[in-house]
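Please look through the sequence and the structure first, and then follow the points below.

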Amino acid sequence: MVTLGHYLIVSGMLFAIGFAGVMLRRNLIVILMSLELMLNAANLSLVAFSRFRVQPTGLPDYNVQVFVFFIITVAAAEVAVGLAILVALFRARQTIDVKDISSLKF
Amino acid sequence: MSPVLFWTFALLMLVFGVAVIVNRNPVASALSLVVSFLGLAALFMSLDAYFIGIIQVLVYAGAVMVLFLFIIMLLDLRAEARRQINWLASAGAIAVALALVLQIFYVVGHFKSAGRPFPPLARSTTDDVRNIGALLFSNYNLPFQIIGVLVLVATIGVVLLSRREPR
């Protein structure tokens with residue numbers, strides 16, 4: 001039987017995969033994709049809680065699903081702006097490797 | 001949802017999630033991300049959140065993925081050159097991620113409600129678009145307007161950022 005705990009653990013594993021991607025990879029595009037994985041892991045646990053908190057009307061908690069809707073909107077806007085910054089960076093430096101973009105470092 | 005379907009889609013999502021960060025070629029990463037998000041959308045639908053599942057497919061597998069692939073093609077990125085791997089940093093990153101997973105196992109194991117099955121619904125929720133929409137335009141009207149402004153600002157910002165400097 002599938003319980004709330006299964007969904008929470010799967011969501012936690014997806015978050016850990018995204019986190020490892022941000023830490024391990026040097027390609028900025030893949031780092032942005034890993035950020036998307038982490039945002040979606042949070043969405044999965046939110047929706048699982050929404051289904052778990054059945055209201056007195058016998059329906060899931062729709063407040064949580066509205067919150068997930070907002071998160072998806074903000075994530076889409078974030079990807080658009082992030083990729084535009086990436087294109088501007090590529091035009092200036094001809095690289096998207098984070099190891100080559102260390103001008104602020106001493 | 002039957003456990004077989006749950007584990008099928010959860011494994012699909014996790015395996016292709018790992019493929020995203022393991023692949024050297026950014027195009028392969030982006031396509032793995034699509035499959036991973038399709039598995040996630042199936043999990044949303046297994047939780048009776050049909051609207052969220054559908055906008056997950058529309059927004060991520062549709063819009064965001066086209067954006068990623070378009071940028072990869074625009075920049076003409078090749079597969080990453082094989083570089084000297086910093087083993088210490090890699091081991092540290094994997095250790096922190098594993099510690100996070102272990103912590104989540106511990107917390108969920110001690111969380112009483114986590115072992116209980118999902119309570120049954122009074123009826124099918126295939127009309128959840130109406131319910132979410134009613135909530136969005138009554139209780140969450142102000143946040144909805146603010147999100148609209150945010151998307152407008154993001155659009156203007158993207159156009160400004162990607163414009164070439166006039167000489």
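Read along its sequence, chain B of this predicted model follows the pattern α-α-α-α-α-α.

**Overall form of chain B**

- Taken along the principal axes, the box filled by the C-alpha atoms of chain B is roughly 60 × 45 × 25 Å.
- Of the 167 residues in chain B, 22% are buried.
- Chain B is divided into domain 1 (1–79), domain 2 (86–116) and domain 3 (128–167).
- The C-alpha centres of domain 1 and domain 2 of chain B are 22 Å apart.

**Contact between chain B and chain A**

- Chain B contributes 68 residues to the contact, and chain A contributes 62 residues.
- On the side of chain B that touches chain A, the elements giving two or more residues include helix H1 (3–22), helix H4 (87–109) and helix H6 (141–162) of chain B.
- H3(B) gives the most to this side, with 11 residues.
- By class, the side of chain B that touches chain A has 55 nonpolar, 9 polar and 4 charged residues.

**One residue in detail: Ala93(B)**

- Ala93(B) belongs to helix H4 of chain B.
- Around Ala93(B) there are 18 other C-beta atoms within 10 Å; a buried residue would need 20 or more and an exposed one 12 or fewer, so Ala93(B) is partly exposed.
- Apart from neighbours within four places in sequence, Ala93(B) is in contact with Ala20(A), Met23(A) and Leu24(A).
- Ala93(B) and Met73(B) are 20 residues apart in sequence, and their C-alpha atoms are 29 Å apart in space.

**A helix pair in chain A**

- Helix H2 (residues 28–52) and helix H3 (residues 62–93) of chain A pack at an angle of about 175 degrees, and their axes are 10 Å apart.
- Angles over 145 degrees count as roughly antiparallel, and H2(A) and H3(A) are therefore roughly antiparallel to each other.
- The residues of this contact divide into 16 nonpolar, 4 polar and 1 charged.
- Among the residues that meet are Leu32(A), Leu39(A) and Phe49(A) in H2(A), and Phe67(A), Ile71(A) and Leu86(A) in H3(A).

Terms used
Residues numbered from 1 in each chain as written. Chains lettered and ligands numbered in written order. Predicted model: local features only at pLDDT ≥ 70, side-chain atom pairs only at ≥ 80, totals over all residues. Domains from an automatic or database assignment. Axes fitted to C-alpha atoms, helices over the stretch in contact; angles between N-to-C directions. Helix = DSSP H or I, 4+ residues; strand = E, 2+ residues; numbered from the N terminus. Parallel < 35°, antiparallel > 145°, perpendicular 65-115°, else oblique. Contact = placed C-beta atoms within 7 Å. Nonpolar A, V, L, I, M, F, W, Y, C, P; charged D, E, K, R; others polar.
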